[in-house]
Amino acid sequence: MRREGHIIEEIVEYSNIAESFDQVISGTKRKESRQGRYLLAHREEFIKKLSERIVSGQFHVTPNDIEEKDIIEAGKLRHIQFFKSLKNSIAAHAIMSVVDKHLKKRFIRTTSASIKNRGMHDLMKYILRDIQEDPEGTRYCYKFDISKFYESVNQDFVMYCVHRIFKDKKLIAMLDNFVRIIPKGISIGLRSSQGLGNLLLSVYLDHYLKDKYGVCHFYRYCDDGVVLGKTKAELWMIRDIIHEQLQEIDLVVKPNERVFPTAEGIDFLGYVIRPNNVRLRKRIKQKFARKMCEVKSRKRRRELTASFYGMTKHADCNNLFNKLTGKTMKSFKDLNVAYKPEDGKKRFAGTVVSIRELVNIPIIVKDFETGIKTEQGEDRCIVSIEMNGEARKFFTNSEEMKNILAQIKEVPDGFPFETTIKTEVFGKGRTKYVFS
């Protein structure tokens with residue numbers, strides 16, 4: 001496997017650190033905090049110093065730089081870690097933004113969670129597509145979940161995977177620092193853990209199943225996995241392979257694993273996925289209904305409704321949404337709202353082309369707007385056209401064209417119209433463009 005270098009140079013690019021700064025220092029609470037106000041006042045100075053620390057390899061965090069607390073998430077007690085300082089959060093974000101970009105190329109397409117543009121809805125669509133396109137090859141499902149994944153991860157195996165991907169010694173030292181900041185496992189909460197956890201399972205599980213055993217229908221969302229197959233016997237064999245692979249890296253599958261017919265419904269990613277429909281998980285429906293009964297704030301109820309719609313729109317749940325909210329969510333298209341510029345001028349889609357490029361080419365003139373100020377002068381006219389099925393537009397200062405367009409505007413159903421632009425010579429060898 002070819003290892004990648006020169007990652008530090010990408011990390012310290014101004015655009016990367018500046019973007020990470022803006023991502024971390026976002027939201028009123030952080031901006032108005034003491035740390036946030038200081039960093040905003042010294043933004044450029046901080047970006048320069050952080051770049052220098054990363055380039056020199058001096059960036060380092062210690063256990064004293066993190067805080068730990070217990071939270072309840074999805075009914076489970078989780079022990080999480082986070083940086084006390086926003087400075088360290090910005091640095092971790094800048095480093096992992098570039099690392100994640102390089103790791104993404106190594107992941108199989110059907111692994112998801114904490115990967116840009118690959119959320120649970122993206123993975124769900126892949127599962128549903130495969131079930132519908134290959135009903136025989138997806139008759140049965142094996143579903144598994146890794147027990148206490150983050151707490152049980154062996155740090156040495158994570159770093160082995162890092163060494164397989166990267167050869168930049170400074171970067172490896174920083175990633176090792178992130179991994180070993182707690183005595184055991186990898187932290188739940190630090191920016192580095194998501195990508196490195198995915199990397200571990202990608203190397204030891206995903207590619208092993210795909211490359212060595214040719215498992216066609218395998219899907220993983222963080223530490224939850226689903227395998228679809230033609231027979232139960234085939235899935236039990238894959239189940240044994242998964243157990244062996246995870247045991248090699250000191251991980252264990254929860255005892256609630258099972259093999260069952262796909263037609264029963266795959267409870268995965270917050271949905272119950274069946275060959276002919278997708279429903280919302282029962283627990284999510286109940287939780288939303290209870291919250292709507294408890295919450296009195298109109299603003300909070302609107303937020304809950306919007307969040308619930310974000311889940312139901314990816315499933316066959318229109319009636320459920322209407323029943324629990326008492327309303328039908330409109331799409332943006334149904335609202336018939338468009339941008340209204342302050343200057344009152346129309347805005348046309350398409351790229352600007354020179355009128356010279358349109359000579360002797362059939363076009364469709366769709367609309368126009370006058371009084372446009374450009375670098376060439378004021379009171380120009382912009383004309384919206386369609387050429388070869390694509391939207392285009394051009395500027396003209398021809399009084400003749402402006403006059404003709406104004407006359408056509410007064411004609412009922414004058415726009416759109418077909419035409420061809422021709423050139424005519426007048427005066428002392430001068431050229432003008434006219435509609436024909």
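Author: Cys-222 lies in the loop between strand E5 (217–221) and strand E6 (224–229); strands are DSSP runs of E with at least two residues, helices are runs of H or I with at least four, and both are numbered from the N terminus. This is a predicted model, in which local features need pLDDT of at least 70, side-chain atom pairs count only at pLDDT 80 or more, and totals for chains, interfaces and linings use all residues. Residues are numbered from 1 along each chain as its sequence is written, and side-chain values use heavy atoms, with hydrogens and water left out.

Reader: What is the phi of Cys-222?

Author: Most residues other than glycine have a negative phi, and most peptide bonds are trans. Phi of Cys-222, however, is positive, near 60°.

Reader: Is Cys-222 buried or exposed?

Author: Buried means under 20% relative accessible area, exposed over 50%, and partly exposed in between, with a 1.4 Å probe and protein chains only. Cys-222 counts as buried because its relative accessibility is 18%. His-6, in the segment before helix H1 (7–11), also has a positive phi near 60°, but His-6 counts as exposed because its relative accessibility is 60%.

Reader: Which peptide bond is cis?

Author: The bond from Phe-415 to Pro-416 is cis, with omega near -5°. Pro-416 is placed in the loop between helix H17 (399–410) and strand E15 (417–426).
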